[in-house]
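Please keep the sequence and the structure in view while reading.

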Amino acid sequence: MDLSIVVNGITFPNPFLLGSGPPGTNARVIAKSYDAGWGGAVAKTISLESAKVVNVVPRYGKLRSKTSGEVIGFENIELISDRPIDVWLEEFRQIKKDYPKHILIASIMEEYEKGRWQELTRMVQDTGVDAFELNFSCPHGMTERKMGSEMGEHPDLCEQVTSWVTEVSNIPVWAKMTPNITNIKEPSLAAVRGGAAGISAINTILSVIGVDLNTLRPMPTVEGHTVPGGYSSQAVRPIALRMVSQLALGLPQDVSISGIGGIENSHDAIEFLLLGSSTVQICTGVMLHGVKMIDELKEGLEKFMTDKGFNSVQEVVGKSLGYFSTHMDLVQKMKAAKRSKAGEASRDNEWGQKDITEKTAELTSN
Ligand SMILES: Cc1cc2nc3c(=O)[nH]c(=O)nc-3n(C[C@H](O)[C@H](O)[C@H](O)COP(=O)(O)O)c2cc1C
């Protein structure tokens, strides 16, 4: 079955993309995912000066189900890529040469300076990548340099930085938004005003995964100390679904949405499509289950489309949005349903109360 979808003029072989993070950490792993059947990948976020990026160990923490031990939540304090920009540029070129039909999206982040953003945009665009994703959303570490969610929390900065990029970019630009904000529509609309063709949502939710009751240290613990980090995996999915639906209902029709957050199988991915995402991205799920999970994602989507009579992925996108309403409207609908039920019940009762021949005559027109 054809699972392709055209988004912002780009043909994705299927709607499943590696989300920015460890699954897109270098050309080798991206190539492996394409071989496995992924439609595209958002590479790990890059910046001009990798020397400023220093990662710590350990940098992950898991929340497990108390009964099954299954990982349901995941915290990370990982920064963006610490690999030099020249290495990345060479790898982007190589990937596009080897896999021209697969979609490669470059995730970029820089300090608040027009020259830096435009230099990075030009350099990366020259490699032949298909689109940009602007990282306005990493909630830890980079914020100390006023990057990542420091931008995504301020609509005026989102608009300005997006416009710097779109001024020099001739490929589609998506803005990746932080959920650590009251109304995700505001910075997203600002990015659209700056020229973004799409919105990716969500990045991670600021969190503390737990505290070690033996040492009294919050986790993940690095030399006895920690910082709050980004929460992902299954536990964030309902929040991501809510934010994606708000975006789908609140953004102009031609703005695409790439849904992200807690996707682990085709069921989860289809939910995001139904709520308005035309592509979905998976990061923690791939870290926990491996790139082979693409087989179930594709098979599950194909089966769903066959069972429900959808002829294309595009037909699935946004199909459940019409069922959102206001609470007031739900109350009215409930009252109306109750009234009609009561009506039916009372009519049924009449059959018992009246003589059957009398009731038949009452309902007969001649
Ligand atoms: C270890 C780790 C590293 C990440 N690094 C990046 C990054 O460099 N750039 C980015 O935009 N998002 C990054 N993310 C966020 C993911 O792309 C994604 O938005 C988030 O984790 C929610 O999706 P998930 O539940 O499928 O992981 C990272 C997530 C994790 C878990």
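This is a predicted model: local features need pLDDT of at least 70, side-chain atom pairs count only at pLDDT 80 or more; totals for chains, interfaces and linings use all residues.

Proline 58 sits in the loop between strand 4 (40-42) and strand 5 (60-64), and the peptide bond that joins valine 57 to proline 58 is cis, with omega at about -5°.

**Backbone geometry**

- A cis peptide bond also joins methionine 219 and proline 220, where omega is about -10°.
- Proline 220 belongs to the loop between strand 13 (218-219) and strand 14, while leucine 216 lies in the loop between strand 12 (210-211) and strand 13.
- For leucine 216, phi is near 65°, which is a positive value in a residue other than glycine.

**The cavity**

- The structure holds one cavity of 30 Å³ or more, and the volume of the largest cavity is about 460 Å³.
- The lining of the largest cavity is made up of 37 residues, and those that lie nearest its centre are Ser20, Asn76, Asn203, Thr204 and Cys283.
- Two or more residues of this lining come from each of strand 6 (71-76), strand 8 (131-135), strand 14 (229-232), strand 16 (279-282) and helix 9 (284-289), and helix 9 gives the most, with three residues.
- Sorted by class, the lining of the largest cavity has 15 nonpolar, 17 polar and five charged residues.

- The largest pocket has a volume of about 290 Å³, and of the 18 residues that line it, Gln253, Val255, Ser256, Gly276 and Val317 lie nearest its centre.
- Strand 1 (5-7), helix 7 (237-250) and strand 15 (256-260) are the elements that give two or more residues to the lining of the largest pocket, and that lining has 10 nonpolar, seven polar and one charged residues.
- The second largest pocket has a volume of about 210 Å³, and the residues that line it include Val54, Asn55, Val56, His140, Glu144, His225 and Val227.
- By class, the lining of the second largest pocket divides into six nonpolar, five polar and one charged residues.

**Helix packing**

- Two packed helices are described by the angle between their axes and by the distance between those axes.
- Helix 8 (residues 266-274) packs against helix 10 (residues 294-308) at an angle of about 55°, with the axes 8 Å apart, and because of this angle helix 8 is oblique to helix 10.
- The crossing in which helix 8 passes helix 10 is right-handed.
- Where these two helices meet, Ser266, Ala269, Ile270, Leu273 and Leu274 come from helix 8, and Glu296, Leu297, Gly300, Leu301 and Phe304 come from helix 10; by class, this contact has seven nonpolar, two polar and one charged residues.
- Helix 2 (residues 85-98) and helix 3 (residues 114-125) pack at an angle of about 35°, with their axes 9 Å apart.
- In the contact of helix 2 with helix 3, Ile85, Leu89 and Phe92 are on the side of helix 2, and Leu120, Met123 and Val124 are on the side of helix 3, so that by the class of each residue the contact has six nonpolar, no polar and no charged residues.

Conventions. Residues are numbered from 1 along each chain as its sequence is written. Side-chain values use heavy atoms; hydrogens and water are left out. On a 1 Å grid over the protein atoms alone, a cavity is a set of points where a 1.4 Å probe fits but cannot get out, and a pocket is an open set with protein on both sides within 12 Å along at least five of seven lines; lining residues have an atom within 4 Å of a point. Grid points are joined across faces, edges and corners, and a volume is the space filled by probe spheres set on the points. Helices (H or I, at least four residues) and strands (E, at least two) are DSSP runs, numbered from the N terminus. Axes are lines fitted to C-alpha atoms, for helices over the stretch in contact, and angles run from 0 to 180 degrees between N-to-C directions. Angles under 35 degrees count as roughly parallel, over 145 as roughly antiparallel, 65 to 115 as roughly perpendicular and the rest as oblique. A crossing is left-handed if the near helix is turned anticlockwise from the far one by less than a right angle, and right-handed if clockwise. Contact means heavy atoms within 4.5 Å.
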